[in-house]
Amino acid sequence: MHEANEDLLRRFHAAVNMEPEDLESWLETAPSHAVGWPRDRPPGVESTGHAAGRRLLEILRKSEAEYTDADYAHMRKVAGYVARHLKQRPRRDVSTTRWRYSLMNWGHDPLK
């Protein structure tokens, strides 16, 4: 494996702390559908983060040998999003915040 991919996999696995089953269940909830960009989207239009979570599930269910260049690109996007978003943590209980719900759509539960 290429060294850059090894580093990416480390960052990706550090960012994604939800099991595939937990992420799948989360993505079925109303709060999961309610957060994300674009914020003023029409009913029935999926947010960017929700779509990213569905794509993430596909990757989590593969073996490393099956990863494609597109998978690595999405892993890079997930790791970057989680790292940036964690720096914006609110200074209050985050249990039921849009901030936490958005991160969970990307496979990271900050309460874990």
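**Aromatic pairs**

I counted two rings of Phe, Tyr or Trp (its six-membered ring) as a pair if their centres lie within 6.5 Å; planes under 30 degrees apart are stacked, over 60 edge-to-face, and the rest tilted. By this rule I got three aromatic pairs. One of them is Tyr67 with Tyr72, an edge-to-face pair with 5.7 Å from centre to centre and 85 degrees between the planes. The model is a predicted one, so I kept to local features with pLDDT of at least 70 and side-chain atom pairs at pLDDT 80 or more, while totals for chains, interfaces and linings use all residues. Residues are numbered from 1 along each chain as its sequence is written, and side-chain values use heavy atoms, without hydrogens and water.

Next I looked up burial (buried is under 20% relative accessible area, exposed over 50%, partly exposed in between, with a 1.4 Å probe and protein chains only). Tyr67 is buried at 13% relative accessibility, and Tyr72 is buried at 10%.

Then I took Tyr81 and Trp106, whose ring centres are 4.3 Å apart with planes at 15 degrees, so this pair is stacked. Tyr81 lies in helix α5 (residues 69-86) and Trp106 in the segment after α6 (98-105), so the pair ties together parts that are 25 residues apart in sequence. My helices (H or I, at least four residues) and strands (E, at least two) are DSSP runs, numbered from the N terminus. Tyr81 is buried at 16% relative accessibility, and Trp106 is buried at 5%.

**Helix α5 and its partners**

I fitted axes as lines to C-alpha atoms, for helices over the stretch in contact, with angles from 0 to 180 degrees between N-to-C directions. The axes of α1 (residues 3-15) and α5 come within 9 Å and cross at roughly 50 degrees. I listed the contact (heavy atoms within 4.5 Å): Asn5, Leu8, Leu9, Arg11, Phe12 and Ala15 of α1 with Tyr72, Met75, Arg76, Val78, Ala79 and Val82 of α5. By class there are nine nonpolar, one polar and two charged residues. For the classes, Ala, Val, Leu, Ile, Met, Phe, Trp, Tyr, Cys and Pro are nonpolar, Asp, Glu, Lys and Arg are charged, and the others, Gly among them, are polar.

At what angle do α4 and α5 pack? I found about 125 degrees, with the axes 10 Å apart. That makes α4 oblique to α5 as well. In this contact Ala52, Arg55, Leu56 and Ile59 of α4 meet Ala70, Asp71, His74 and Met75 of α5. These residues divide into five nonpolar, one polar and two charged.

**Val35**

I found Val35 in the loop between α3 (30-34) and α4 (48-60). Is Val35 buried or exposed? Val35 is buried, with a relative accessible area of 2%. Not counting residues up to four places away in sequence, Val35 touches Arg41, Ser47, Arg98, Tyr101, Ser102 and Asn105.

**Helix α6**

I noted that seven of the eight residues of α6 are buried. They are Trp99, Arg100, Tyr101, Ser102, Leu103, Met104 and Asn105. What covers these residues? The cover includes α2 (20-27), α3, α4 and α5. After α6 I noted Gly107, which has a positive phi, near 90 degrees.

Methods: Angles under 35 degrees count as roughly parallel, over 145 as roughly antiparallel, 65 to 115 as roughly perpendicular and the rest as oblique.
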